[in-house]
Amino acid sequence: QVQLVESGGGLVQPGGSLRLSCEGSGTIINVLAMGWYRQAPGKQRELVASIISDGTTQYGDSVKGRISISRDDATNTVALELDRLKPEDTAVYFCNLRHGAPFAQDFWGQGTQVTVSS
């Protein structure tokens, strides 16, 4: 089993910055990708940013140009920084780890609330 523990989040003012971190633990053998998704009330969960095993990054359209993601394979940690926050960035942010052994499987953190408001 894989456990993901998220940190960061909370209340942030519009125009501010957000940093989230997530550390994976447990039986981690083959990480295909790590990243972040978010879900706003009444909306589907969407990709924020992800790093796959070869270092390629993927970003959601709504955050491109104001986001960075980094990953530490030694500690199975993924960190996210989102700048120039907008009220529409308000959502629950979930850490994701896509594991490849013995078969492809997604693991999720418990989610952390991010609220962008003055």
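A residue counts as buried when its relative accessible area is under 20%. In this predicted model, Asn-76 has a relative accessible area of 17% and is therefore buried. Arg-84, by contrast, is partly exposed, at 49%.

**Backbone features in loops**

Asn-76 and Arg-84 are treated together here because each has a positive phi although neither is a glycine. Asn-76 occupies the loop that runs between strand S7 (67–72) and strand S8 (77–82), while Arg-84 belongs to the loop between S8 and S9.

| Residue | Phi | Relative accessible area |
|---|---|---|
| Asn-76 | about 55° | 17% |
| Arg-84 | about 50° | 49% |

A further backbone feature is the cis peptide bond between Ala-101 and Pro-102, with omega about 0°. Pro-102 sits in the loop linking strand S9 (91–99) to strand S10 (105–108).

**The nonpolar core**

The largest nonpolar core has 28 residues, and those touching the most other members are Leu-4, Trp-36, Leu-80, Tyr-93 and Leu-97. Two or more residues each come from strand S1 (2–8), strand S3 (18–26), strand S4 (31–39), strand S5 (46–52), S7, S8, S9 and strand S11 (112–116). The greatest contribution is that of S9, with 4 residues. In soluble globular proteins, nonpolar side chains tend to be buried together.

Leu-97 can be followed in detail. Apart from neighbours within four places in sequence, Leu-97 contacts Val-2, Leu-4, Ile-28, Val-31, Ala-33, Met-34, Gln-105, Asp-106 and Phe-107. One of these partners, Leu-4, is also among the core residues that touch the most other members.

Technical notes:
Residues are numbered from 1 along each chain as its sequence is written. This is a predicted model: local features need pLDDT of at least 70, side-chain atom pairs count only at pLDDT 80 or more; totals for chains, interfaces and linings use all residues. Side-chain values use heavy atoms; hydrogens and water are left out. Buried means under 20% relative accessible area, exposed over 50%, partly exposed in between (1.4 Å probe, protein chains only). A nonpolar core is a set of buried Ala, Val, Leu, Ile, Met, Phe, Trp, Tyr and Cys residues joined through side-chain atoms within 4.5 Å. Contact means heavy atoms within 4.5 Å.
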